[in-house]
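Open the model in your viewer and keep the sequence panel beside it. The stops below say what to select next and what is there.

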Amino acid sequence: MIRILGKPGRVKTSEPVEISWKNCIVKCRDDINCSVVYKLSDVQCQYFSFGSITTIQKADFETDEMALKVLIPQDQCPNSNPLIPGPTYYTQIINGQFYKTTVLPDSLSTRIYNLTYSVATCPNNTKLFQRGETTVVCIGLYFFEEPLCNNQAEASALCKAQSGTLTGPANADEYEYIQGKTCSQECPIGPSIPIPQLSDISNPSNYTSKPTPYKYLTYWIDGVGTNTAYVYTFEDPTHNGSTNYKWPLRGPPTPKGTGYCLYNPSPALSFITDDPCHITDCCSPTMCWRGALCQVPPIIEMY
């Protein structure tokens, strides 16, 4: 919470609360629905929920005091006004939705701050993940319809058809989610044990069934080999390259140059590995590249 000299400007709704100013700030800080509070007196405050106040006016008197929820770097009180030059944000994930409040000085008046609000929701069968301060993506497995097994180029096209890209894990939580969603039970760790069929997290279940006679299913992720050892090109700039890719204990795949693409999981172990980008199935046939791990944009609703 940041305390400033200010008073409400444009307001949709508010609620008076009989409480001390100090306790009012604490109450707002702990309430996921609260965005701003205004001091009415030592024993009463005005309470503004998410989306209910759109402008704040600077005040010259110490009796006009407000407190706003904003993200403060390193959780330390700044030495100067953190709202200048802006924008300043407050973000939180509630029930799988990404709530963002943006505070920005008005372009025409130095005495006004504008507040805008948005809620990001992911399409069905994808999950929202936050990457950075305000970037969110929706991750899901998308499966080929016909043919059921296909190459990396078609996997990329599959993601682009959803206005997204191939992606990979940006952190440990994403990798755990990806691994947990690709096996209907604990992923096998032996080369002789077939990987269970992919769970249905993106398309209808009839698209996820294991095509006969394949023993293993896998899916393409973001990453195409280059002529430089252990260097890949990526479609998605938001997952920090291969930093959070989980390789076998021996490390990334042996460099093979261009024309090799990454996929997960390996049929031998639940790690990321590579194969020729043009491949659709393998090994007479034992293995099927069944789909793509995509990041797609969330649905944004403005308030």
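Is C159 buried or exposed? C159 has 0% relative accessibility, so it counts as buried; buried means under 20% relative accessible area, exposed over 50% and partly exposed in between (1.4 Å probe, protein chains only).

Before moving on, some ground rules. Residues are numbered from 1 along each chain as its sequence is written, and side-chain values use heavy atoms, with hydrogens and water left out. The model is predicted: local features need pLDDT of at least 70, side-chain atom pairs count only at pLDDT 80 or more, and totals for chains, interfaces and linings use all residues.

**Colour by confidence**

Colour the chain by pLDDT, the predictor's confidence in each residue, from 0 to 100. The protein chain averages 85, and 84% of its residues score at least 70. Strand β12 (residues 165-166) has the highest confidence, at 98, while helix α3 (residues 172-182) has the lowest, at a mean of 77. Helices (H or I, at least four residues) and strands (E, at least two) are DSSP runs, numbered from the N terminus. Next, select residues 183-208, where the pLDDT is below 50. Beyond near neighbours in sequence, this stretch has 75 contacts in the model, a contact being heavy atoms within 4.5 Å.

**Disulfides**

How many disulfides does the structure hold? There are seven, each being a pair of cysteine sulfur atoms within 2.5 Å. A disulfide is a covalent bond between the sulfur atoms of two cysteines.

Because C159 lies in helix α2 (residues 152-160) and C294 in strand β18 (residues 287-296), the pair ties together parts that are 135 residues apart in sequence. C294 is buried too, with a relative accessible area of 0%.

Now select C24 and C45, joined by a disulfide with S to S at 2.1 Å. Their link is right-handed, with 85 degrees about the S-S bond. C24 belongs to helix α1 (residues 21-30) and C45 to strand β4 (residues 44-49), and the two are 21 residues apart. C24 is buried at 0% relative accessibility, and C45 is buried with a relative accessible area of 0%.

Then go to C122 and C138, a disulfide with S to S at 2.0 Å. Here the S-S torsion is about -90 degrees, so the disulfide is left-handed. C122 sits in the loop between β9 (112-121) and β10 (127-131), and C138 in strand β11 (residues 135-143); the pair therefore ties together parts 16 residues apart in sequence. C122 and C138 are both buried.

**Backbone points**

Select E146 and P147 and display the backbone. A cis peptide bond joins them, with omega at about -5 degrees. P147 is in the loop between β11 and α2.

Which phi does N95 have, positive or negative? Although N95 is not a glycine, its phi is positive, at about 50 degrees. N95 lies in the loop between β7 (88-94) and β8 (97-105), and it is exposed, with a relative accessible area of 75%.

Move to Y230, which is not a glycine either and has a positive phi of about 65 degrees. Y230 lies in the loop between β13 (216-225) and β14 (232-233). With a relative accessible area of 47%, Y230 is partly exposed.

**Aromatic pairs**

Show the side chains of Phe, Tyr and Trp. The structure holds 11 aromatic pairs. Rings (for Trp, the six-membered one) pair if their centres lie within 6.5 Å; planes under 30 degrees apart count as stacked, over 60 as edge-to-face and the rest as tilted.

Select F50 and Y303, an edge-to-face pair at 5.7 Å centre to centre, with 70 degrees between the planes. F50 is in the loop between β4 and β5 (55-58) and Y303 in the segment after β19 (299-302), so the pair ties together parts 253 residues apart in sequence. Y303 counts as partly exposed, at 43% relative accessibility.
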